[in-house]
Amino acid sequence: MKVERKITLTLQHTEKQKLTAAVLNCLRQAHPDAGPRLHFSNPYQALVATILSAQTTDEQVNRVTPLFFKKYLDIKALADAEVSHVEEIIKSVGLFRNKAAHLVAAARIILDEHKGEIPDDFDSLLKLPGVGRKTANVVLFNAFGKPGLGVDTHVHRVANRIGLCSEKHPEGTEKRLKELIPEQEWGEAHHLLIFHGRRVCQARKPECTSCTLREICKNACKS
Ligand code: SF4
């Protein structure tokens, strides 16, 4: 690569990092309560709740997890469960049949291959049934306080609208955001972008006129 081109790319990257830092600062002010909405109190519960939350609201998940955790107290109890019994408990949650099968299969793998401990590294989490990149990132941060930046539909939409990245797929957005945001802020950034997507920058009707980012957002509507 020519030296001039390298310098231009470095400058562009630095500008994007500054924009990203400014965006996160604004969002910290706007959403001081941003954080997990799923209810859990240990890594096992965090993993179960996060797997259940795919394509379902956190509220729906929170309605089924109290009974779930009462019935399946730990990974051993879940590994011993009948899939049909798990289905019965989570049937009000979207994709419940797949999720029930994944949860029991994941519990058996964790028992056999991880001595019953929820793995705290990205690659091991990603190998579990029902765990994609978003879930692995979310569990890393929420359950273990490790760097993780899960990109769901809100994070993907908001980050691209603002102009932090220009990516077609969530995986590209995740990679780009991880380049722009310091590792220790990944988890916080995930929650801030989700809250902004839910409350202000909604999919169909972004509230640009009242948005804290309207002066720096690439796609702010001007009316
Ligand atoms: S200005 Fe509009 S498009 Fe940009 S982040 Fe705010 S609501 Fe979304």
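**First stop: helix α10**

Select residues 170–180, which form helix α10, and display the side chains of Lys175 and Glu179; these two residues are 4 residues apart in the helix and therefore separated by about one helical turn. Helices here are DSSP runs of H or I with at least four residues, strands are runs of E with at least two, and both are numbered from the N terminus.

Before going further, note that this is a predicted model, in which local features need pLDDT of at least 70 and side-chain atom pairs count only at pLDDT 80 or more, while totals for chains, interfaces and linings use all residues. Residues are numbered from 1 along each chain as its sequence is written, and side-chain values use heavy atoms, with hydrogens and water left out.

Now draw a distance between the side chains of Lys175 and Glu179: they form a salt bridge, with the closest N and O atoms 3.1 Å apart. A salt bridge is defined as a side-chain nitrogen of Lys or Arg within 4 Å of a carboxyl oxygen of Asp or Glu. Side chains of opposite charge can pair when their charged atoms come close.

Are these two residues buried or exposed? Lys175 is exposed, with a relative accessible area of 55%, whereas Glu179 is partly exposed, at 35%. The term "buried" means under 20% relative accessible area, "exposed" means over 50%, and "partly exposed" lies in between (1.4 Å probe, protein chains only).

**Second stop: helix α1**

Select residues 3–30, the helix α1 in which Val3 is found. Display Glu15 and Lys18, whose side chains meet in a salt bridge of 3.7 Å, N to O. These residues are 3 residues apart in α1, so about one helical turn separates them. Glu15 counts as partly exposed because its relative accessibility is 48%, while Lys18 counts as exposed at 53%.

Select His31, which is found in the loop between α1 and α2. His31 is buried, with a relative accessible area of 4%. Which residues touch it? Leaving aside neighbours within four places in sequence, His31 is in contact (heavy atoms within 4.5 Å) with Leu192, Phe195, His196, Arg199 and Val200.

Move to Gly35, which is found in the loop between α1 and α2. Gly35 counts as buried at 9% relative accessibility. Apart from neighbours within four places in sequence, Gly35 is in contact with His191 and Phe195. Now select Asn142 as well: Gly35 and Asn142 are 107 residues apart along the chain, and their C-alpha atoms are separated by 9.1 Å.

Select residues 43–52. Because 9 of the 10 residues of helix α2 are buried, this helix is largely enclosed by the rest of the structure. Among the buried residues are Tyr44, Leu47, Val48 and Ile51. To see what surrounds them, colour α3 (58–71), α4 (75–79), α5 (83–90), α6 (96–113), α7 and α8 (133–144), against which the buried residues of α2 pack.

Select Phe122, which lies in helix α7 (residues 122–126). Phe122 counts as buried because its relative accessibility is 18%. Leaving aside neighbours within four places in sequence, Phe122 is in contact with Arg133, Ala136, Asn137 and Leu140.

Finally, select the ligand and the residues around it, including Arg161, His196, Cys201, Cys208, Cys211 and Cys217.

Conventions: A residue is near a molecule or strand if one of its heavy atoms lies within 4 Å of it.
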